[in-house]
Structure formats: structure tokens, C-alpha cells
Amino acid sequence: MKLTNEGVARMKLPEGKSERLEFDSDLPGFGVRLRAGGKRTWVVQYRLGAKQRRMTLGSLATIDATEARRRAKSALAKVHLGQDPQMQKGEARAQAAVTLGGVVELYLPRAERKLRASSYAETRRYLKEHWKPLSEVAIAKLGRASVAARLSEISNRNGPFAANRARAALSALFSWSIGEGIADANPVMGTNKATDEISRDRVLSDEELQQVWQQTGDGDFGAIVRLLILTAQRREEVGGMLWPELTEKLWTIGSDRTKNGLPHEVPLSSEAAAILSGIEKRDERKLVFGSREGPFSGWSKAKAALDGRLSKALREKHGAKTELVPWRLHDIRRTAATGMADLGVLPHVIEAILNHTSGHKAGVAGIYNRASYSAEKRAALTLWAEHVKALVGAGSNVVPMKRAGTR
């Protein structure tokens with residue numbers, strides 16, 4: 001007989017039987033299975049080569065006979081083309097179980113082996129925090145539209161540069177996943193960056209540096225920015241500064257916290273030491289900055305707030321249409337190096353301050369030249385600190401941050 005909702009509802013199990021299987025008279029292979037307890041399930045049965053398969057289409061409680069018949073026809077059409085719908089169903093179920101969050105856990109140990117500590121920490125944060133809202137999505141179902149929408153949310157909440165970093169982290173994960181056979185495509189491809197990256201040759205003028213110093217604000221971020229200016233070190237190194245690394249006149253960064261994996265000594269000028277002496281030690285924390293168990297975070301929000309103060313000061317000085325020229329915290333490091341060079345500090349001393357292994361310490365030369373230039377570094381950073389001190393106390397006649405379109 002032709003299977004209908006009413007006909008199947010009237011069916012009963014034979015006496016002493018726990019299961020009954022009835023097939024449709026119009027569509028061979030389409031059937032219904034009755035079980036003890038009253039459960040009724042639509043099925044499709046087919047032969048593929050020497051193997052006979054039976055696949056569940058759904059229960060009467062969820063789909064009616066018309067929909068079940070449609071699904072059966074679709075499955076039998078695939079069989080006619082040499083496909084195995086039951087296997088495809090199992091593969092789809094397996095793919096659904098492989099979520100973005102699960103792949104992140106597989107990827108991070110590999111990333112930790114390949115990346116330096118600071119880069120790995122950022123990658124881990126972006127993947128586990130910024131992409132957390134999509135962590136339960138099957139990686140095979142994660143499309144470009146979902147990625148683009150989440151990038152927009154990250155940009156609005158954490159800033160455009162954070163969105164760019166999150167985008168790069170996810171793209172690297174998918175590139176690895178494709179190589180491992182976990183994913184077939186990278187949904188990050190074709191999405192837009194939240195903002196164009198600022199050129200990495202930006203050097204702040206004396207006037208711009210003076211404005212940054214004055215508008216840093218209070219709290220950890222203000223102290224960090226001023227120490228970035230005075231020490232010319234990387235933001236992750238300053239943001240992750242540890243009390244055991246510090247003495248009154250010297251900051252020693254361990255090899256596990258430097259970009260090149262080499263320990264680094266940074267002489268502290270009296271101005272830098274004064275900033276650190278004004279920071280209160282909190283409980284038993286070794287970290288100078290940040291909260292809870294981690295170093296300082298929230299760079300994008302803090303930088304955006306600083307830019308807001310700089311823009312406000314600029315508009316008050318030059319009118320409501322005046323715009324702030326984009327800049328990055330890393331520009332401070334380049335600015336300090338350039339400023340020291342302008343003050344007459346020799347290139348090899350500047351490289352030593354920056355902990356660079358290029359130039360005079362590259363290759364074979366670096367193997368034999370192990371000089372730390374401690375005295376020269378201290379003299380250079382003292383000279384630079386005196387310049388900064390004179391600059392920030394220069395008074396109201398100092399020109400503020402450059403405006404867009406000016407030179």
C-alpha cells in the first residue's frame with residue numbers, strides 16, 4: 001500500500017513482535033519502521049554494489065509522509081548516481097562535531113611551538129576570546145558572511161587594528177586546518193580589513209611626542225606609554241614588566257620575554273625610575289602592570305581613549321574639522337631610536353638599546369661581538385630622557401600633533 005500519515009498511524013505490531021517494517025507500494029525502498037513502545041520512523045532502503053543500506057529519514061513526530069517521501073526520492077537519486085547517502089549523512093554528522101573551538105584547541109599547541117611567546121599569547125587571546133562567539137559553529141559551516149560580521153563586531157568593540165589581528169589569527173588557523181585536511185576552504189579570504197595598516201616608518205615629531213606625553217592619562221596605560229618613550233622597548237615587554245626584573249637603575253628582561261630570545265638589559269634613567277617608584281606593588285603579584293594573573297591588556301581601548309584626548313586637544317587648538325594623523329604605539333620605539341640618532345648616539349649603541357641582532361651584531365660579527373655597551377646605553381638613554389624632559393616642559397608654545405594633510 002501507499003504509505004500515508006493516516007495509514008501508518010493505524011498500523012500495529014504483530015503479536016509477539018518487537019518491530020515491523022512496511023514498504024511503500026509506489027516508491028520502492030521507501031518504508032516505515034514500527035517498534036515496541038509506539039515509535040514510528042520513516043526509512044529508505046537501497047543496495048549499493050553488494051551492500052544493502054538502510055537510512056533513517058525522520059520520525060512521524062517530526063516529519064509527515066510527504067516530506068519523508070521527498071527525502072527518500074532524494075536519497076535514491078544519489079544512489080542512482082553512485083553515491084552513498086548513508087555515508088554522506090555520517091560524514092555530515094562528523095563535520096558538525098568539528099567546531100571552531102575544537103580546532104582552536106588542536107591548533108594552539110602547534111602555534112606555541114612555531115611562534116615566539118608574545119606572538120603566541122596574542123594569537124591565543126584572539127582565537128579564544130575574540131572568536132569565542134563562533135566557537136560552537138562547525139568549521140565546515142563557518143562561512144565568509146559569519147566571519148565578516150564578527151570582524152565588524154570586534155572592530156566596533158576593540159578597535160580596527162584588533163580586528164585586523166583577529167582576522168590574521170583566524171586565517172592562519174584555517175591555512176593550517178586545510179593542510180591537515182580538517183577544512184576545505186578559508187572563509188577569511190575575501191573579507192575586508194577593518195582599516196588599512198599604518199606605514200611602519202612613522203616617526204613622531206618632537207611636538208607630537210610632547211602631546212602624547214601630556215595626554216597619556218593616569219593609571220597603568222599612562223605609565224606604560226611614558227616608559228615606552230623613555231626606554232624605547234616593545235609594548236609587550238613594558239606591559240609584561242616584572243618586579244624581579246627591576247633594580248633601582250636597571251631593568252633586565254629575560255630571554256623568555258624578548259623577541260629574539262636573548263636576555264636584554266635596559267639602563268633606567270632617573271625619569272624612568274621615578275615613574276616606577278610611583279607604582280604601588282599589589283599583593284604578591286610579580287607583574288608591575290595589569291590585573292589578576294595577566295600582564296596589561298586592553299591596548300586597543302586604551303589607545304583609542306588616548307587618541308580621543310589627543311583629537312580633542314587638537315580640535316580645541318585648531319578648530320572642529322582638524323583630524324589626528326593616525327599613529328601606533330610602536331611608532332614611539334622608532335621615534336626614540338631616531339631621536340637618539342639625532343642627538344648623536346652611535347648606531348651600534350641604538351641597536352644595543354633596541355636589542356636588535358641586525359647590523360653590527362648580525363651573522364658572524366654577532367658571534368664575536370658580545371659587548372653589551374652598558375655604559376654607552378646608559379649615557380644614551382639619559383641623554384634621551386633629558387631631551388624628553390625638556391620637551392614636555394617646553395610650555396604652550398609647542399605645536400600640537402600634526403594635522404591630516406600637513407607636513
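**Salt bridges, sheet and helix packing**

Colleague: Starting with R202, is that buried or exposed?
Modeller: R202 counts as buried, at 12% relative accessibility. Keep in mind that this is a predicted model.

Colleague: And which side chain does R202 meet in a salt bridge?
Modeller: E208. The N to O distance is 3.1 Å.

Colleague: What about E208, buried or exposed?
Modeller: Buried, with a relative accessible area of 0%. The cut-off for buried is under 20%, so E208 at 0% and R202 at 12% both qualify.

Colleague: Which residues are joined into one network by shared partners?
Modeller: E67, R70 and R71. Salt bridges with shared partners link them.

Colleague: How many salt bridges does the structure hold?
Modeller: It holds 14. One of them joins the side chains of R150 and E153, at 2.8 Å from N to O.

Colleague: Where do E153 and R150 sit?
Modeller: In helix α6, residues 144–158. They are three residues apart there, so about one helical turn separates them.

Colleague: What is the accessibility of each?
Modeller: R150 is buried, at 13%. E153 is partly exposed, with a relative accessible area of 44%.

Colleague: Which residue does R20 pair with?
Modeller: E22. Their side chains form a salt bridge at 3.0 Å, N to O. R20 is partly exposed at 21% relative accessible area, and E22 is partly exposed at 27%.

Colleague: Why can such side chains pair at all?
Modeller: Side chains of opposite charge can pair when their charged atoms come close.

Colleague: Switching to the overall fold. How many helices and strands are there?
Modeller: The protein chain has 16 helices and six strands. It runs to 407 residues, and 42% of them count as buried.

Colleague: What share of the contacts join residues at least 24 apart?
Modeller: 58%, counting contacts between residues at least 6 apart in sequence.

Colleague: Now the open sheet. What's the strand order?
Modeller: β1-β2-β3-β4, four strands with antiparallel pairing. The edge strands are β1, residues 19–23, and β4, each pairing on one side only. Neighbouring strands are turned by 30° against each other on average, ignoring direction.

Colleague: Which helix packs on the sheet?
Modeller: Helix α2, residues 65–80. It touches β2 (30–35), β3 and β4. The direction of α2 makes about 15° with that of β3.

Colleague: How many bridges hold β3 and β4 together?
Modeller: Eight, in the antiparallel sense. β3 covers residues 40–48 and β4 covers residues 51–59.

Colleague: Which residues in β4 partner T41 and V44?
Modeller: T41 has S59 as its bridge partner. For V44, the bridge partner is M55.

Colleague: What lies between β3 and β4?
Modeller: Two residues, in a hairpin. G49 in the turn has a positive phi of about 70°.

Colleague: On to helix packing. At what angle do α4 and α7 cross?
Modeller: Roughly 85°, with the axes coming within 10 Å. α4 is residues 100–114 and α7 is residues 160–179.

Colleague: Which residues make the contact?
Modeller: From α4, L100, V103, V104, L106, Y107 and R110. From α7, L170, A172, L173, W176 and S177. By class, that contact has nine nonpolar residues, one polar and one charged.

Colleague: How do α8 and α16 pack?
Modeller: At an angle of about 80°, with their axes 9 Å apart. α8 spans residues 206–215 and α16 spans residues 374–392. The two are therefore roughly perpendicular to each other.

Colleague: Which side chains or backbones are involved, by residue?
Modeller: D206, L209, Q210, W213 and Q214 of α8 make the contact with W384, H387, V388, L391 and V392 of α16.

Colleague: What are the classes in that contact?
Modeller: Six nonpolar, three polar and one charged, for α8 with α16.

How values were computed: Residues are numbered from 1 along each chain as its sequence is written. Side-chain values use heavy atoms; hydrogens and water are left out. Two strands pair if DSSP finds at least two bridges between them. Axes are lines fitted to C-alpha atoms, for helices over the stretch in contact, and angles run from 0 to 180 degrees between N-to-C directions. Contact means heavy atoms within 4.5 Å. Ala, Val, Leu, Ile, Met, Phe, Trp, Tyr, Cys and Pro count as nonpolar, Asp, Glu, Lys and Arg as charged, and the others, Gly among them, as polar. A salt bridge is a side-chain nitrogen of Lys or Arg within 4 Å of a carboxyl oxygen of Asp or Glu. Buried means under 20% relative accessible area, exposed over 50%, partly exposed in between (1.4 Å probe, protein chains only). Angles under 35 degrees count as roughly parallel, over 145 as roughly antiparallel, 65 to 115 as roughly perpendicular and the rest as oblique.
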